[in-house]
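Please open the model in your viewer and keep the sequence panel beside it.

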Amino acid sequence: MKAFFLITFCVLVLLSVVAWQIQPAPPEGKIPLVWVSDDNPARREQISLFNDLHPNYDLRLDPRANQAGMEKVMLQCLAGVGPDLFDAYSPSELDAFVRSGVAWDVTEELAKRAIDMEKDVWPAILPTGIREGRVYGFPANVAVDAIWVNKDLFDAAGEPYPEGPWTWEEFIEVAQRLTLRDERGRIKQFGFLCDWWQWPQFIMLFGGQLYAENGTRSAVDSPEAIEAIQFMHDLMYVHHVMPTPVDEATMATAGGWGSGTITYFGAGKGAMALGGRWWLCTLRDYEGLNLGVVEIPRMSDTAYRAYGRATVVNRYSPRREQALDFLVYEAGKDYNDLINRQADAVAAVMRYNYTPEFLQNPEHPEEDYNEVWRDVIRYGEADVWSPFVNGQAANRILTKQLDLVKNDQKSAADALRDAAREIHKEMAKTLERDPSLRIKYYRLTGKERPE
Amino acid sequence: MSAIGKVAERKPQAGPSSWWYRRGRFTASHIALTIMAATMLVPFSWMVLASFKPLQEVEQFNPFPSVWRFDNYLRVFEQVPFARYYFNSIFVAAWVTFLQCLTSAMAAYAFARLRWRGRDIVFRLYLATLMIPGVVVMIPNYTVMVKLHLLDSYVGLVVPAAFGAFGTFLLRQFMLTIPPSLDEAAEIDGATPWQIFWDVIMPLCRAGLVTLAIFTFLGNYGSFFWPLILVKSEHLRTLPIGMLYFDSVYGRQTNLIMAASVMNIVPLIILFVAAQRHIVRGVQLGAIKG
Amino acid sequence: MKARRHEFRAALGFLLPNFVGFGVFTAGPVLFSLAISISNWHLHRTIPFRWIALGNFLELFVDKDFWLYSMNTVYLMLGMPVAIAGSLFLAILLSQRLRGIVVYRTLFYLPTFTSGVALMLLWKALYNPEFGALNAAINWCIDTFRVNEVVRALGGAGVSAPTWLLSTKNLVGLEAEEVRSSAAQWGMGARDALIIMGIWIAIGGNNMLLYLAGLSNIPPELTEAAQLDGAGKWAVFRNVTWPQLAPTTFFIVVMSFIGGLQGGFEQARVMTQGGPAGTTTTVAYYIYTKAFEELMVGYAAAISWLLFTAIFVITMVNWRLGSKELNY
C-alpha cells in the first residue's frame, strides 16, 4: 500500500513537470488582454482579427457561462484580478457593474479618441453602454427581432410570402393557414414559433413597458401588458398557431437554454418564427433552408425590443488604458464589417449597415433580406428597467407568474397583478437596504416606498 | 427492504449445494441484472448515437443517424484545444484524488483507531462543516486564493478540493468495521501507529479507498463552478469549461457536445473498470491471513 | 475512554495534513460565512456595510419563497429511501461472483458518469408528453384497461397521462404559490419526474458502490458460520449482513440527508431552470440565486446557516438512532 502511494506520487510529480513544460510561453513583448464574453466561433474570429490588426496585443477570451456570467466578472474584479474587458448584456447588467464599482467611466477617454457614441451608434442600444449620461461601455452589436419565414413551407402551402407592414389579424390568418395537422388531428407544423421568454417583446409591441415613472413602479399590470400576455396565451390556446408547452415538449427532445426554437425552426417544424439576425449563426449550418424575413406586425406608436452587448473596461485593470484600444476597435470599420459578415446580430455603428456588403454578403448571396434587419432597428427601444429592484429578482417573480399563464393555469390579468404586487414588495425591501436609492426614490416620487 | 425479503422467500427447496439450485440462482440473477442494466445503457447509447449525427437529426426521434458523421469527433479537436482540456481535467482530478485519499485516510485513522480526549466532539464539529452548502464558502475561498496568488494556476484548482471532511467521514466508517483485535495484536508486537496505519489498516481499507478515489476523481473531473471563476488562461481550462464553446446563445452544437461528452467519460470508464475489481468480497482478510 | 498521551500526539500527527488544508479552505470560509450571515453584505457598493444581528433571519422567516422552496426540497427527498434500499439490493446482487460482473457494475454506474447535458436531454425525451416512453406506456395502459370508461362511469372526469416536466402538480397537492395543498394540484408533475430520475441515477451509483465496498469488508467467515448454523438467506442478511453494514448505512443516510437538503441544484440549473412556476427550485438553488444573481451575500449566508441548522439537527437525530438501532 505504501509502495502504491509512493509510486502514484512519483507519477504525479512527473506529470506536473510535463504540465510545467507544455505551458505556453507568454508571447514576447506583447501586452496581454483578457476579455470575458460568451465563447463561440464568432467571438473567436473577432479576437483574432483584433490581434491581427494590433500586433502589439495578445487578446484572449475567458468564457462566460450562460449561467453565472456576471458574478464571475464581479467577483474577479472586486478581488483585483478581473479581466481587462467584459461584456454587459443589458442595461440593468451595466447598472449592476457600475454600482458594484467595477465599470470604468470612459466618457472622457472616448471623447479624447474622437469617438462620439451618441452620434454613431444606434440609439436603441445606447442604454447598454451609457448610464445616467456617463459612458461605460461600447456596444458590440445590436439586435432587433423580426419574423423568420421558411419559404419552402409557404411554397408547399401555396401561400405568398408575407410582406410588411401588416397587422396581427393578417398575421393570425397566415399563421393558421400554415398550421398543418396530421390525420389524427395532431399539429405537425406550426404557423408560428416563439420562445415564451419573448414576453417582454410582446409587452413592448402592445405599447406597454416593464416599469413606469422612471422605474419607480412596475408596469406589468398595465392594460397593455395584460393584453400582450393574453395575446401570447391566445396564440397557443385560442388560435392554435403557436406550440403550447406540451406541444413544444412533444415536438422534439431537446430544449432549455432558450435555443430550442431555433432548432425547431431549422428542422422545419414551423413556417414562421420570432427571432433575430443572429439566428443565422446557427441556421447557416442547416443545409437547404430557404429563408425570408418580415417585420413583426406593429401598431403605429409602439416599439420593438432592442438588445445586445456592450464591452466594458475593468476599472481596476492595470492595463485599462490599453484595453480602451479594444473599444476603439469595436467602433471601427473592420470589426463592424466582421459582425455583419458573421451575422452576429447587426453592427452597432449605424454607418456600416448602409454599405453594399451589408445588404448583399458575397459569401451568402441567398441572404437577400438584410435591409429588413436594418430597418427594424429604427423602431427599436431598449428595455426599460428599474434601479429600485434587482433585475434578477424581478425576473424570478415574473417567470413564476408567467409560467402559470403559459400552462393555462392562471389568467394573464391575475398573474401580472400578482407579479406587480410582489415586485413592489421587493422594491420596498431594496429601498430599505439601500439609503442612496431611498433618497433617489423620494426625490422622484415624494414617497418612501411603492404602495 | 421488501425486495430482499422476496428473494429470501423464493429460496427453492433444494439445498444450497445442489447444482440445479446454484445454476438456477445464477441464471435468475443474470436475467434480472441484464434487464436492469439495459435501462442504464439506453442514455449512453443514445448519447453515442447522437454524437455521430448531423446537427439537424439530433433533435429527431430516430435513434440512428441517416449519415454517420464520424468527423464530429475530429471537429471537436479542430474547434478547441480538446487534448489540452483533457490533460488538465485528468491531471487536476488525479492530484486531488491522491491528496484526498492520503490525508483523509490519515485523519480517519486518528478518528477511528486512536483514542484521545475530545475525539468525538472534534469529529462532530468536523462533520458539521459538510453541512454548509458549498456556494457560500465559494466567495471567501476565492478571496483566500487571491491572497495566496493562486488564481489561474493548477495549484489553485487542486488544493482547495484536496482536503475535506467527506473522505475522512467515509474512511472512518470503513475503519470502524475492522476488528480492533488486529491493531491491538500489532501494538503488542511493538508496532508504532504509523506502521499499524500503513501495514494493517490501509490494506484492509482498500475497498473504502477505491470508493473514495472513484468519488473524488469523478467529482473533480466534472467540477464546473470553481474552475470557471478561478481560471483565465486557455491552457488551464478543464473539460467542463472548454465545452461551453459548443453551447453558446448563438447555437448549440448538440452533436459536438455529445461527441465531446463521449470522449469525456472514456477515462472515467477506464478508471472505474480498473478500480472496481478491488471491491471484492473477502480479498482483504485473505491478504492479512496469508 | 482513557486518552493516552502518546496516542494523542500520534493523532495530532495524523490529523495535521488534512487539518491544515481543511482549516484554510473549509473551516475559515465557514466561519466567515457565519459572520456575514449577520451582516447586510451586498456586492453593490452603494449599500453601506452594516452588522444587522438577526435581521436576515427575521426577514427569512417571512420570506414566502423560502418556505415554498423548502417544501420543494423536502418533497424532492421523498425518493431517498427507495434509492437507498434499491442500492442495497443491487449491491447484494452485484457482490456475487458472477461471470461478467465488471460489465454489470460498470453499466449500473454509467448514469453517474453520463451526468450533465446528455442525461438531461435524454430524460426530457423520456418525459415527452406524447412520444416519451413513460407516457407511451401509461397511455397504453389507459387504453387497454379502458380506465377512462370506468372512471367516467363512476362520475369522474377521465384521466390522462401527466405532462411531467411541464406540470406543477404533485402527489400531495402542494400549490405553486402558497404553502398549502389543494385537490386541484393533485397528480404527477415536474417534481415527481425529478424524483423518478433521481432514483434511476442513484440506484446504481455512489450508494451502490459504497454498499459494495461495505459488503466486501464483511469477513466471509461470519456469513459462512451463520449458514452452517442453518440460517436462511433472510436470517443471514438480518443478523450478519445488515449489522455489519451499519457504519456504511449510517454514512449513506447522513450523506443522503445532507445531499438531499443541499440538493436539486444541478437539475434546476440544467434541466428545469427551477420551473415550472418555481416548483423545482430548491433551497440550494435559491441560495445560489440570492448570492450570485441578486448579489445579497449576507442573506444567502443566512439561508445557508438556517439550512445548516436543519441538517445538523437531523444528523444528530440520526446519530442517536444510529448508535441505538445499528449497534454502533
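## First stop: two helices of chain C

H14(C) and H15(C) are roughly perpendicular to each other, a class that covers angles of 65 to 115 degrees, whereas angles under 35 degrees count as roughly parallel, those over 145 as roughly antiparallel and the rest as oblique. Select residues 265-272 of chain C for helix H14 and residues 283-293 of chain C for helix H15, and you will find that their axes come within 7 Å and cross at roughly 70°. Axes here are lines fitted to C-alpha atoms, for helices over the stretch in contact, and angles run from 0 to 180 degrees between N-to-C directions; helices (H or I, at least four residues) and strands (E, at least two) are DSSP runs, numbered from the N terminus.

This is a predicted model, in which local features need pLDDT of at least 70 and side-chain atom pairs count only at pLDDT 80 or more, while totals for chains, interfaces and linings use all residues. Residues are numbered from 1 along each chain as its sequence is written, chains are lettered from A and ligands numbered from 1 in the order in which they are written, and side-chain values use heavy atoms, with hydrogens and water left out.

Now show the side chains: C:Phe265, C:Ala268 and C:Arg269 in H14(C) meet C:Ala284, C:Tyr285 and C:Tyr288 in H15(C), where contact means heavy atoms within 4.5 Å. By class, this contact of H14(C) with H15(C) holds 5 nonpolar, no polar and 1 charged residues (Ala, Val, Leu, Ile, Met, Phe, Trp, Tyr, Cys and Pro count as nonpolar, Asp, Glu, Lys and Arg as charged, and the others, Gly among them, as polar).

## Elsewhere in chain C

Select residues 206-216 of chain C, helix H10, which is mostly covered, with 10 of its 11 residues buried; buried means under 20% relative accessible area, exposed over 50%, and partly exposed in between (1.4 Å probe, protein chains only). Among the buried residues of H10(C) are C:Met208, C:Tyr211 and C:Gly214.

## Chain B

Chain B has 16 helices and 2 strands, and buried residues make up 60% of its 290 residues. Select helix H5 (residues 82-112) and helix H6 (residues 119-128) of chain B, which pack at an angle of about 140° with their axes 9 Å apart, and are therefore oblique to each other. Here B:Ala107, B:Ala110, B:Phe111 and B:Ala112 in H5(B) meet B:Arg119, B:Val122, B:Phe123 and B:Tyr126 in H6(B), and the residues of this contact divide into 7 nonpolar, no polar and 1 charged.

Then centre on B:Leu268 in helix H15 (residues 254-276) of chain B, which counts as buried at 5% relative accessibility. Leaving aside residues up to four places away in sequence, B:Leu268 touches B:Phe217, B:Leu218, B:Tyr221 and C:Phe113. B:Leu218 is 50 residues from B:Leu268 in sequence and 7.2 Å from it in space, C-alpha to C-alpha.

## The sheets of chain A

In chain A, begin with the open sheet of 5 strands in the order E2-E1-E3-E16-E6, which has mixed pairing; two strands pair if DSSP finds at least two bridges between them. Its edge strands are E2 and strand E6 (137-139), each pairing on one side only, and the twist averages 25° from one strand to the next.

Strand E1 (residues 31-37) and E2(A) pair in the parallel sense over 7 bridges, and A:Val34 stands opposite A:Arg60 in E2(A). Of the 7 residues of strand E2 (residues 57-63), 6 are buried, so E2(A) is largely enclosed by the rest of the structure.

Further along, 4 bridges join strand E3 (residues 85-88) to strand E16 (residues 310-313) of chain A, which run antiparallel, with A:Leu85 opposite A:Val313. Helix H4 (residues 91-99) of chain A lies across E3 and E16, running at about 135° to E3(A).

Finally, select the open sheet of 5 strands in the order E9-E10-E13-E8-E14 of chain A, again with mixed pairing. Strand E8 (residues 146-150) and strand E13 (residues 270-275) of chain A run antiparallel and are joined by 4 bridges, and A:Trp148 stands opposite A:Ala273 in E13(A).
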